[in-house]
Amino acid sequence: MYAIVEIAGQQFKVAKDQKVFVHRLAGEEGDKVSFDKVLLAADGDKVTLGAPAIDGAQVGAKITRHLKGDKVIVFKKKRRKGYRVKNGHRQSLTEIIIESIVTSGAKKTAAKKAEPKAKAEKEVKASAPKAETKAAAPKKEAAKPKAGKEDLSTKTVAELKDMAKAQGISGISSMKKAELIEALQGK
């Protein structure tokens with residue numbers, strides 16, 4: 001009996017008691033892991049094909065050790081340009097032994113327990129800015145002058161220039177916003 005299973009983003013053809021080197025998995029040596037993304041399972045002449053995965057199928061394995069793979073040299077060169085770069089890389093791997101292949105009746109891995117906590121944290125974060133904006137709103141109201149004059153800093157430059165023309169202020173075409181506000185408050 002063999003199965004094709006997806007482990008850490010790669011597909012492997014596995015059989016019982018087979019050693020497989022996969023990309024580094026979370027977990028300690030001796031931990032048991034299960035993979036429920038079984039794409040194909042075959043037992044003699046009986047072949048079960050998933051679309052994309054077989055429901056209820058599961059491959060159980062045991063982590064035997066964590067190690068690093070062979071060194072891979074990456075050498076880049078552009079001729080006649082003097083460009084040469086040499087890099088080395090060793091992939092972190094995990095050795096696992098396949099203990100069981102179940103084609104039906106297996107339960108899904110309980111990885112969805114962490115999601116309610118994440119949703120609760122998002123709700124708390126989403127409600128926090130709302131509270132801050134409500135608290136900040138009275139400060140803006142307090143910043144407005146109470147003497148009956150308008151707050152000219154909220155106006156655009158075009159609006160300030162129109163107000164200055166109406167009041168008969170000269171030389172407004174070369175004035176900046178701060179100078180327009182000063183001129184309007186001075187009259």
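Two strands pair if DSSP finds at least two bridges between them. Strands (E, at least two residues) and helices (H or I, at least four) are DSSP runs, numbered from the N terminus. The model is predicted: local features need pLDDT of at least 70, side-chain atom pairs count only at pLDDT 80 or more, and totals for chains, interfaces and linings use all residues. Residues are numbered from 1 along each chain as its sequence is written, and side-chain values use heavy atoms, with hydrogens and water left out.

**View 1. Strand β8 and its partners.** β8 pairs with β3 in the antiparallel sense, over five bridges. Here Val 22 stands opposite Thr 94 of β8. β7 also runs antiparallel to β8, and 18 bridges join them. Ile 73 faces Gly 88 in β8. Four residues lie between β7 and β8 in this hairpin. Arg 80, in the turn, has a positive phi of about 65 degrees.

View 2. A salt bridge is a side-chain nitrogen of Lys or Arg within 4 Å of a carboxyl oxygen of Asp or Glu. Glu 95 forms one with Lys 19, the closest N and O atoms being 3.8 Å apart. This pair links strand β8 (Glu 95) to strand β3 (Lys 19), across 76 residues. Glu 95 also meets Arg 65 in a salt bridge, at 2.5 Å, N to O. That pair connects β8 with β7, where Arg 65 lies, 30 residues apart. Shared partners join Lys 19, Arg 65 and Glu 95 into one network. Glu 95 counts as buried, at 5% relative accessibility. Lys 19 is exposed at 54%, and Arg 65 is partly exposed at 38%. Buried means under 20% relative accessible area, exposed over 50%, and partly exposed in between (1.4 Å probe, protein chains only).

**View 3. A salt bridge between Lys 16 and Asp 17.** Their side chains meet at 3.9 Å, N to O. Both Asp 17 and Lys 16 are exposed.

**View 4. A positive patch on the surface.** Arg 24, Lys 68, Lys 71, Lys 86 and Arg 90 gather here. β7 (58-78) and β8 (83-102) are the elements that give two or more residues to the patch. Patch residues have over 30% relative accessible area and no salt bridge, with like charges joined within 9 Å. Arg 24 sits in the loop between β3 (19-23) and β4 (32-35). Its relative accessible area is 41%, so Arg 24 is partly exposed.

Terms used:
Patches are made of residues with over 30% relative accessible area and no salt bridge: like charges are joined within 9 Å, nonpolar side chains (Val, Leu, Ile, Met, Phe, Trp, Tyr) within 5 Å. Accessible areas come from the Shrake-Rupley method with a 1.4 Å probe; for residues, only the protein chains shown count as cover. Lys and Arg count as positive and Asp and Glu as negative; His and the chain ends are not counted. The place of a charge is taken as NZ of Lys, CZ of Arg, CG of Asp or CD of Glu.
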